[in-house]
Amino acid sequence: MVEITSATLADGREILYFDDQPHPDRVLVDARDIPTVAPASEMRRDPLTGDWVAFAAHRMNRTFLPPANENPLAPTREGQLPTEIPSPSYDVVVFENRFPSFATAADIEHPEEDNLLGMVPRLPAHARCEVVCFTEDPALSFKDLPESRIRTVIEAWAHRTAALSQIDGVQQVFPFENRGEEIGVTLQHPHGQIYSYPFLSPRLRSIVDSARAYDGDLFQDLLDRERAAGTRIIAETEHFTVFVPAAAKWPLEAMVLPNEEVPDFAALTDAQRADLAPLLKKLYSAVDRFFDGVKKTPYIAGWTQAPVDPDLRPGIRMHLQLFSLMRSPGRMKYLAGSESSQAVWINDTTPERIAARFKEIWDA
């Protein structure tokens with residue numbers, strides 16, 4: 001049972017506590033005197049690709065690798081600097097990002113129908129970005145959380161997916177986590193984020209197009225054929241399957257896919273949520289054993305969920321894409337000309353080798 005408490009930060013942003021245990025010391029009032037950030041978020045559509053690009057100039061001076069005593073995601077405790085979280089203890093916390101890429105307050109000086117050059121639509125990037133703190137302990141990682149706490153994170157993802165999907169104009173909700181300075185993480189405290197987008201990401205748009213063009217159930221056929229092949233399957237539970245995609249782009253990559261059609265976190269049953277928590281703990285633990293001599297593998301873990309639009313949701317199954325930019329201990333895969341310029345990927349290994357390594361360390 002998770003108890004949810006909502007409060008307001010000093011500058012008007014919302015903060016929500018997701019508690020799986022009592023917190024009698026809970027403080028809801030944010031006593032800081034902080035200025036309100038006016039998000040200058042806008043988006044423009046590339047006339048050559050049709051992709052939307054977001055612009056958030058107010059993010060230039062956001063917090064960057066602060067010292068331990070200035071950790072903005074730590075609980076606020078007596079004798080220490082106040083943080084984004086007024087309470088001296090918490091389990092899981094979600095709050096609106098102070099420097100968001102997309103914001104419900106976003107506005108631009110030009111009218112909604114403004115077109116640069118008469119061919120580049122320019123609109124406010126109207127959506128919402130949130131921070132998800134997995135634990136109050138800055139020394140931990142997602143893999144270190146007990147299964148009960150991972151379940152609380154899942155409940156937070158489900159709650160926020162449902163809430164953000166109700167924002168006018170939001171078309172996609174994307175929970176994700178970045179870990180490691182190697183990929184640009186600016187806060188070391190264990191946390192993730194949730195972006196809502198006022199458009200479909202290129203990845204989700206491609207998935208929707210592929211599912212619509214496919215004769216049958218694309219996700220079910222993919223899962224059935226991966227199971228039949230067996231070479232890339234890492235683990236199976238009652239409700240989920242973990243495997244390396246046959247066309248994996250990254251030197252370490254794994255996908256978690258529900259065994260039945262589930263569009264997003266909000267649609268997961270209690271049984272599915274309970275099944276997912278221990279599976280994620282095993283997967284994230286295996287990621288940190290993947291490279292010999294590397295204790296904390298840098299990674300990106302992103303949950304692609306079905307579009308908010310009910311007409312586009314059928315046949316789209318939520319899934320986790322977890323990957324690392326590390327190709328061997330101490331060596332990173334940098335996106336050079338082919339990947340960055342043309343989005344033509346060249347992997348330095350094979351999906352079968354990735355899966356074999358996962359199987360080798362899965363129960364270690």
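**A first walk through the model**

Mentor: Let's begin with Val208, which counts as buried at 1% relative accessibility. Keep in mind that this is a predicted model.

Trainee: Okay. Which helix is Val208 found in?
Mentor: Val208 is in helix α2, which covers residues 202–213.

Trainee: And what does Val208 touch, not counting residues up to four places away in sequence?
Mentor: Val208 touches Leu200, Pro307, Leu312 and Ile316.

Trainee: Switching topic: which residue does the UniProt "active site" annotation cover?
Mentor: His191, according to an unreviewed UniProt entry. In the model, His191 is found in strand β10, residues 191–197.

Trainee: Is His191 buried or exposed?
Mentor: His191 is buried, because its relative accessible area is 11% and the cut-off for buried is under 20%.

Trainee: What is His191 in contact with, leaving aside its neighbours within four places in sequence?
Mentor: The list is Leu73, Val131, Val132, Cys133, Phe134, Glu177 and Asn178.

Trainee: And what does the side chain of His191 reach?
Mentor: The His191 side chain reaches the backbone oxygen of His189, at 2.6 Å.

Trainee: Why quote an angle and a distance?
Mentor: Those are the two things used to describe packed helices: the angle between the axes and the distance between the axes.

Trainee: Staying with α1, what about Thr161?
Mentor: Thr161 is found in helix α1, and it counts as buried at 1% relative accessibility. Its side chain makes a polar contact with the side chain of Gln305, at 3.2 Å.

Trainee: What else is Thr161 in contact with, leaving aside its neighbours within four places in sequence?
Mentor: Besides Gln305, Thr161 is in contact with Val173, Pro175, Asp264 and Phe265.

Trainee: Got it. Where is Asp19?
Mentor: Asp19 is in strand β2, residues 14–19, and at 7% relative accessibility Asp19 counts as buried.

Trainee: Which side chain does Asp19 make a polar contact with?
Mentor: The side chain of Arg26, at 2.8 Å. Leaving out residues up to four places away in sequence, Asp19 touches Met1, Val2, Glu3, Arg26 and Asp91.

Trainee: What's the story with phi at Leu117?
Mentor: Phi of Leu117 is near 65°, a positive value in a residue other than glycine. Leu117 is in the loop between β6 (115–116) and β7 (120–124).

Trainee: Buried or exposed, that Leu117?
Mentor: Leu117 counts as exposed, because its relative accessibility is 77% and exposed begins over 50%.

Trainee: And what is phi of Ala343?
Mentor: Near 60°, which is a positive value in a residue other than glycine. Ala343 lies in the loop between α5 (337–342) and α6 (351–361), and at 55% relative accessibility Ala343 counts as exposed.

Trainee: Last one: where is Arg331, and what is it in contact with?
Mentor: Arg331 is in strand β17, residues 331–332. Leaving aside its neighbours within four places in sequence, Arg331 is in contact with Leu325 and Met326. Arg331 and Glu182 are 149 residues apart in sequence, while their C-alpha atoms are 9.9 Å apart in space.

Methods
Residues numbered from 1 in each chain as written. Predicted model: local features only at pLDDT ≥ 70, side-chain atom pairs only at ≥ 80, totals over all residues. Heavy atoms only, no water. UniProt positions renumbered as here; feature names shortened; annotations may be inferred. Helix = DSSP H or I, 4+ residues; strand = E, 2+ residues; numbered from the N terminus. Buried < 20%, exposed > 50% of the residue type's maximum accessible area, 1.4 Å probe, protein only. Contact = heavy atoms within 4.5 Å. Polar contact = N/O pair within 3.5 Å; in protein donor to acceptor, adjacent residues only side chain to side chain.
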